[in-house]
Amino acid sequence: MRLRPCSPITLFILASFYVSSADAQEARNTPDTQQLLRSEVPGELATLRQKAEGGDPAAQTALGDRYFAGSGIPQDFIQAEKWYAAAAAQNFAEAQFVLGYLYQHGVGVQRNDREAFRHYRAAAEQGHAIAENNLAYLYRHGRGVHRNAREAVRWYQASAEHGNKIGQANLASMYFIGRGIPRNNQEAARWFLAAGEQGIPEAQNSLAVLYYNGVGVPVDYEKAVYWARRGAMQGYAIAQADLAYLYEQGKGVPLDYVTAYMWYSVAAANGDKKSASRMKTLTPLMQPQQLTDAKNRASAWAPRPESVAIASQRGSATSFLPGNLVARDF
């Protein structure tokens, strides 16, 4: 079993915000200006600029979003940073969050984790859920601030309680590994469930693992199948391999080598190394037509995300394939 915390969420969609990739689970939250990007009323940009120049922090942030996305004007990260900074100077949480993201990733500014920390903290102290998660990430990994697992847990907890799904998954991981807080499998399961219900595939598969092993919850193979399938359908390779294993063993579902081979094949194509060896193990147990059917199903399969992609840099990866029963941290 592998459980890894979801690093910060820097999902940059512009005007609302959300973080992405590893160095940000960089765990799979960036700024979100989708509503703004949908509206292209003539003269709107001129009005927006007038308000921004007049000192309106919401307009300054929205104008920064325009420059960041290149919406209606040429993309210009330096101008974007200028307007975000103007709004942040007025203690506007959304702009502070975005500035934190820009400094963390070196977008339009020189990368500077201390500045990222400063801006994330300012936004987090106002209850900005994604900034809280990203601030926790910096504490967790000692970036721009001394490493402090307890502070990481405190801010993951705040993010989770404010409904941020990545914060919930990260808090669950901290409970599971007992980092910065006493290990508590029941709390881990509770927060993985909250994140899983919001569509985080890593959390969904983590729940599958917990139900498979009876950790923090009763052993329940059918629920293990349910959660592994949800993660697998979103294209999460580890969940695909775990779902295949459940079919191979006939746990929670009827034993089905064809379906098991199909999911192992999909997982292997997504980079899961263990799946290739499992396919070799199954091959002698199957008829030629069964192999053909399994391969055809794998070729035709396509992921079905439950929500907009989450740019999670590292997720709470977990697996219950044989030999993978030790929690891992990174």
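Author: Start with Arg183, which sits in the loop between helix H9 (165-177) and helix H10 (185-197). Residues are numbered from 1 along each chain as its sequence is written. The model is predicted, so local features need pLDDT of at least 70 and side-chain atom pairs count only at pLDDT 80 or more, while totals for chains, interfaces and linings use all residues; side-chain values use heavy atoms, with hydrogens and water left out.

Reader: What makes a stretch a helix or a strand here?

Author: Helices are DSSP runs of H or I with at least four residues, strands are runs of E with at least two, and both are numbered from the N terminus. The protein chain comes to 16 helices and 2 strands.

Reader: Which residues is Arg183 in contact with, leaving aside its neighbours within four places in sequence?

Author: Arg183 is in contact with Tyr175, Phe176 and Gly178, where contact means heavy atoms within 4.5 Å. The C-alpha atoms of Arg183 and Ser173 are separated by 9.7 Å, and the two residues are 10 apart along the chain.

Reader: Why are H8 and H9 called oblique to each other?

Author: Helix H8 (residues 149-161) and H9 pack at an angle of about 140°, with their axes 8 Å apart. Angles under 35 degrees count as roughly parallel, over 145 as roughly antiparallel, 65 to 115 as roughly perpendicular, and the rest as oblique. H8 and H9 are therefore oblique. The axes are lines fitted to C-alpha atoms, for helices over the stretch in contact, and the angles run from 0 to 180 degrees between N-to-C directions.

Reader: What is the handedness of the crossing of H8 and H9?

Author: The crossing of H8 and H9 is left-handed; that term applies if the near helix is turned anticlockwise from the far one by less than a right angle, and right-handed if clockwise. On the H8 side the residues are Ala149, Ala152, Val153, Tyr156, Gln157, Ser159 and Ala160, and they meet Gly167, Gln168, Asn170, Leu171, Met174 and Tyr175 in H9. This contact divides into 8 nonpolar, 5 polar and no charged residues. Ala, Val, Leu, Ile, Met, Phe, Trp, Tyr, Cys and Pro count as nonpolar, Asp, Glu, Lys and Arg as charged, and the others, Gly among them, as polar.

Reader: Why is Asn164 called buried?

Author: Buried means under 20% relative accessible area, exposed means over 50%, and partly exposed lies in between (1.4 Å probe, protein chains only). Asn164 has 6%, so the term buried applies. Asn164 lies in the loop between H8 and H9, and its C-alpha is 8.1 Å from that of Ala195, 31 residues away in sequence.

Reader: Where is Asn91, and why is it called partly exposed?

Author: Asn91 is found in the loop between helix H4 (77-88) and H5. Its relative accessible area is 44%, so it is partly exposed. Asn91 has a positive phi of about 65° although it is not a glycine.

Reader: How do you know whether Thr61 and Leu48 are buried or exposed?

Author: Thr61, in helix H3 (residues 57-69), has a relative accessible area of 4% and is therefore buried. Leu48, in helix H2 (residues 44-53), is at 12% and so counts as buried. Leaving aside neighbours within four places in sequence, Leu48 is in contact with Ala59, Ala62, Leu63 and Arg66. Across the protein chain, buried residues make up 55% of the 330 residues.
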